[in-house]
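User: I have a structure to go through with you. Can we take it piece by piece?
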Amino acid sequence: MENIIKYKTDDVILDEGCITTYMYFIKSGKVILYINYGEPDEYVLGIYSAGKVIGEMALLDGSACMYTAVAYDDVTLIRITQHNINTFFEEHPECTLGIMRSM
């Protein structure tokens with residue numbers, strides 16, 4: 001099932017306002033979450049590291065992403081969709097609690 005995606009430092013992973021049908025589990029590296037990325041009033045919400053998820057609301061309820069996610073360093077992510085979420089939890093039961101806490 002592994003749907004591995006890799007990003008390099010400063011790559012944009014998710015854009016604020018985008019609508020997607022997946023979320024990402026951070027397998028390694030760090031991701032910075034911004035509001036108004038690249039604007040004069042840019043604001044850093046936080047830095048997420050391995051074990052956290054991003055984009056979860058897009059997967060759960062189809063809402064637009066509330067932040068821009070940018071790779072802080074080289075990042076390896078697992079893309080989780082409606083079609084593979086059960087398989088992901090079966091293959092990575094240790095991640096279930098971490099994902100629930102992130103949401």
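User: What are the ground rules?
Analyst: This is a predicted model: local features need pLDDT of at least 70, side-chain atom pairs count only at pLDDT 80 or more, and totals for chains, interfaces and linings use all residues. Numbering runs from 1 along each chain as its sequence is written, and side-chain values use heavy atoms, with hydrogens and water left out.

User: How many residues are in the largest nonpolar core?
Analyst: It has 17 residues. Ile13, Leu14, Tyr24, Val31, Ile54 and Ala69 have the most contacts inside it. A nonpolar core is a set of buried Ala, Val, Leu, Ile, Met, Phe, Trp, Tyr and Cys residues joined through side-chain atoms within 4.5 Å. Buried means under 20% relative accessible area, exposed is over 50%, and partly exposed lies in between (1.4 Å probe, protein chains only).

User: Which strands supply at least two residues of this core?
Analyst: E1 (4-7), E2, E3, E4, E7 (68-71) and E8 (75-81) each do. E3 gives the most, with three residues. Strands (E, at least two residues) and helices (H or I, at least four) are DSSP runs, numbered from the N terminus.

User: Which residues does the second core include?
Analyst: That separate core has nine residues, including Phe25, Val53, Ile85 and Cys95.

User: Back to Tyr24. What does Tyr24 touch?
Analyst: Leaving out residues up to four places away in sequence, its partners include Ile5, Tyr7, Ile13, Leu14 and Ile54. Contact means heavy atoms within 4.5 Å.

User: Where is Tyr7, and is it buried or exposed?
Analyst: Tyr7 is in strand E1. Tyr7 counts as buried because its relative accessibility is 16%. The side chains of Tyr7 and Tyr24 are joined by a polar contact of 3.4 Å. A polar contact is a pair of N or O atoms within 3.5 Å; within protein, one must be able to donate a hydrogen and the other to accept it, and residues adjacent in sequence count only if both atoms are side-chain atoms.

User: How far apart are Tyr7 and Ala71?
Analyst: They are 64 residues apart in sequence, and 6.5 Å apart in space, C-alpha to C-alpha. Ala71 is also one of the residues that Tyr7 touches.

User: What about Thr20?
Analyst: Thr20 sits in the loop between strand E2 (12-14) and strand E3 (22-28). Thr20 is buried, at a relative accessible area of 11%. Its side chain reaches the backbone oxygen of Tyr22 at 3.3 Å. Not counting residues up to four places away in sequence, Thr20 touches Leu14 and Ala58.

User: New topic. What is the phi of Asp10?
Analyst: Asp10 has a positive phi of about 75°, although it is not a glycine. Asp10 lies in the loop between E1 and E2. Asp10 counts as exposed because its relative accessibility is 56%.

User: And Asn36?
Analyst: Phi of Asn36 is near 55°, also positive in a residue other than glycine. Asn36 is in the loop between E4 and E5. At 26% relative accessibility, Asn36 counts as partly exposed.

User: Last one. Which elements supply at least two residues of the lining of the largest pocket?
Analyst: Strand E4 (31-35), strand E5 (43-48) and helix H1 (56-61) each do. The lining divides into 10 nonpolar residues, three polar and one charged. Here Ala, Val, Leu, Ile, Met, Phe, Trp, Tyr, Cys and Pro count as nonpolar, Asp, Glu, Lys and Arg as charged, and the others, Gly among them, as polar.
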